[in-house]
Amino acid sequence: MLSVPTLWIVFTVNFLALGVVWTYVARSYPNLEAARFWAAATFIAAAGAAVSMLRNFVDPNEVRLLLLPLLLGGVTMIVAVCVAAMGVEQFYGRPLSWRSMALIVAFSLAGLGWFVIVRNDIAIRLVIYSIGQSLPLLLTLPLLFSRQDGRSNPGARLAGCIAVAMLAIYVLRSAAAILNKGGVVSLADFNPVQAWFVVVLVFLSMMWNFGFLLMAIDRLRGEVADLAMLDDLTGAANRRRLLARLDEECARSHRTLQPFTLLVIDLDGFKGINDSHGHAAGDECLRLFTRAAQSRLRAGDLLARMGGDEFCIVLPSTTLREGAVVARQVLDACRMQPLQWNGVTLPLSASIGVAQWRPEIGLHAARLMAAADRALYVAKQDGRNGYAVFDVTPLDRGPVLRKSA
């Protein structure tokens, strides 16, 4: 039969090892703030297990004094799982439930204290301890099983399943303690049933943390993938992301025959700004245009920088007429936000070509790009600071200038 001190030593060593791992993760990836909570939780759990072992150094005849390390250690372990649960909230960007966690700890402290100081009942203490551990686990389940950006996190699913398994073990452990299954539980030894419950909980707690590690890895991998699809200077999507999105939209339109619109944009006078005021002014001009254009787009629209001063905007489920309205709005936003540079006001303007996906374009996004480029050429030829549309109705006559800004 496993002794209580042996089990607490296993707890302490395991959680110290996890604490070192989480500390390394937190220091290596400071933006992953949840890692700090998970590191703190593991060290607090290790401290709780270590405090529980202090009863081995207390006179066995001093029963109340012998129970004090159990009280402090049990409450500390509950604090640990509360901190870990707040790490999950931090990971998902939810408000931290400090008040709820404080109530759980206070309830556990009061309950355990009563059945230590006033009435020594180890079975009830196990039930209260199990409730204190289970409530934070329950609070994490909706987040762990939720879907972010239409997909679930594999690590979160694992952590959620482990949390459910831990909840089941706590229920079974409490029932076994109340029904006295497996024999009496003493201060020195667990009965075989309780001992195996503890061993399983140690294993599951390790797996729970591995689920958090997988959550962190998936998040970091997603961030790296996003960075590979973003323009470093402006934060807009880059050419790779644009081409991938165009292929997606062409496939969707080819399947549903629902149109979408592409805007191809050149900033007016950008080379002159670079030559006269330096590349820093040109860079700020690009960033200013990005902010101005984004302010006129919907959540599902995509602004991408092709390179230099060339941008594209993908407008899903948008007709040619609606795309022209967006082009005019982007031009208005540019006109309202001139570039202030070294005391000089530099006007911000652009030329825009607008084209709509048509059935004959099919899956060939390059044809849509070519149509928008032809409209852009017309807008430039017409004096810049305007837009033109590529309209093939009622006759295939190429790009037709609809409106100048």
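Q258 counts as partly exposed, because its relative accessibility is 38%; here buried means under 20% relative accessible area, exposed over 50%, and partly exposed in between, with a 1.4 Å probe and protein chains only. The model is a predicted one, in which local features need pLDDT of at least 70 and side-chain atom pairs count only at pLDDT 80 or more, while totals for chains, interfaces and linings use all residues. Residues are numbered from 1 along each chain as its sequence is written, and side-chain values use heavy atoms, with hydrogens and water left out.

**Around Q258**

Q258 sits in the loop that runs between α8 (239–256) and β1 (261–267). Both labels come from DSSP runs numbered from the N terminus: helices are H or I with at least four residues, strands are E with at least two. Which residues does Q258 contact, leaving aside its neighbours within four places in sequence? They are S253, S317 and W357, where contact means heavy atoms within 4.5 Å. T319 lies 61 residues from Q258 along the chain, and 8.9 Å separates the C-alpha atoms of the two.

**Salt bridges**

Now to the charged side chains. Side chains of opposite charge can pair when their charged atoms come close. The term salt bridge is used for a side-chain nitrogen of Lys or Arg within 4 Å of a carboxyl oxygen of Asp or Glu. How many turn up in a search of the whole structure? The search finds 13 salt bridges, and the table shows some of them, including one in helix α8.

| E249 | R252 | 2.9 Å |

E249 and R252 are three residues apart in α8, about one turn of the helix. E249 counts as buried because its relative accessible area is 4%, whereas R252 is partly exposed at 36%. This pair also belongs to a network of salt bridges that links R245, E249 and R252.

What about the other two pairs?
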